[in-house]
Amino acid sequence: VTLKGSPKNRNMKTIIIYTTSHGCTEKAVKELTQKLSGEIKSIDLRHQSTPPLTEFDRIIIGGSIHAGQIQKQIIIFCTDNIEVLKTKEIGLCICCMYEPEIAREQIRNAFPEELHQMAKTEAIFGGEYNFEKMNFIEKMLVKKIARVRENVSNLDLSSIDRFATRMEKTYYPFMFLV
């Protein structure tokens, strides 16, 4: 738990809900946590249960894309909590190694349309191929499809910075009515 940032965001409570298969999304979450203000809690759905979402002002949801799909735990989380999520400030992010156009399609497919419509921001944080953490089939697929034979890291720190900056911005909807 870290308290930092401007006074307006210092009291904000943020939860980052994510899943990671080989550790890239976890690295991205750690980077993101350092850039957000207020109280930050991160939960890997594979190992931890979710605390009551009503305790949080902001909810960031992320996962990694494998074979065109985000982890099942993220899909279930979004579906089961859609009503509460509608009442919160939302950010959506993924880690993947696809080219930008395909990656944009992957993030669109990863989350329910309702969440895209209400998200404050969305981002693609790049990705990694980590052969030490892959099983035999994953290694074979990466070698065959991606034509990669060694570890590769394309974690996009500037995308994480931009995402954090956009999440930190205060939005005053009534300013446009003047």
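User: Is Lys120 buried, partly exposed or exposed?
Analyst: This is a predicted model, so the answer rests on computed values. Lys120 has a relative accessible area of 27%. Buried means under 20% and exposed means over 50%. The value for Lys120 lies in between, so the residue is partly exposed.

User: Which residue forms a salt bridge with Lys120?
Analyst: In general, side chains of opposite charge can pair when their charged atoms come close. For Lys120, the closest N and O atoms of the pair are 3.3 Å apart. That is within the 4 Å cut-off. The partner is Glu89.

User: How many residues apart are Lys120 and Glu89?
Analyst: Lys120 sits in the loop between H6 and E6. Glu89 belongs to strand E5. The pair therefore links distant parts of the chain, and Glu89 is partly exposed at 23% relative accessibility. The separation between Lys120 and Glu89 is 31 residues.

User: How many of the seven residues of strand E5 are buried?
Analyst: Strand E5 covers residues 89-95. It is largely enclosed by the rest of the structure, because most of its residues count as buried. The number of buried residues in E5 is six.

User: Which strand is joined to E5 by seven bridges?
Analyst: The strand in question runs parallel to E5. It spans residues 58-66. Ile61 stands opposite Leu92 in E5. The strand is E3.

User: Which residue of E6 stands opposite Gly91?
Analyst: E5 also pairs with strand E6, residues 121-124. The two run in the parallel sense, over four bridges. Opposite Gly91 in this pairing is Thr121.

User: Which residues are linked in a network of salt bridges with Lys86?
Analyst: The side chains of Lys86 and Glu83 meet in a salt bridge, at 3.2 Å from N to O. Lys86 also forms a salt bridge with Glu114, with the closest N and O atoms 2.9 Å apart. Lys86 takes part in both pairs. Linked with Lys86 in the network are Glu83 and Glu114.

User: Where in the structure is Glu114, the partner of Lys86?
Analyst: Lys86 forms a salt bridge with Glu114. The pair links distant parts of the chain, 28 residues apart. Lys86 lies in the loop between helix H4 and E5. Glu114 is in helix H6, residues 113-118.

User: What is the relative accessible area of Glu83?
Analyst: Lys86 is partly exposed at 37%, and Glu114 is partly exposed at 40%. Glu83 counts as exposed, so its value has to be over 50%. The relative accessible area of Glu83 is 53%.

User: How many salt bridges does the whole structure have?
Analyst: The pairs above include Lys120 with Glu89 and Lys86 with Glu114. A search of the whole structure finds a total of seven.

User: How far apart in space are Ser153 and Tyr129?
Analyst: Ser153 lies in strand E8, residues 152-153. Among the residues Ser153 touches is Gly127. Ser153 and Tyr129 are 24 residues apart in sequence. Their C-alpha to C-alpha distance is 6.5 Å.

User: Is Leu36 buried or exposed?
Analyst: Leu36 is in the loop between helix H2 and strand E2. Leu36 and Met167 are 131 residues apart in sequence and 7.9 Å apart in space, C-alpha to C-alpha. The relative accessibility of Leu36 is 1%. That is under 20%, so Leu36 is buried.

Notes:
Residues numbered from 1 in each chain as written. Predicted model: local features only at pLDDT ≥ 70, side-chain atom pairs only at ≥ 80, totals over all residues. Heavy atoms only, no water. Buried < 20%, exposed > 50% of the residue type's maximum accessible area, 1.4 Å probe, protein only. Pairing = 2+ DSSP bridges. Contact = heavy atoms within 4.5 Å. Lists of a residue's contacts leave out its neighbours within four places in sequence.
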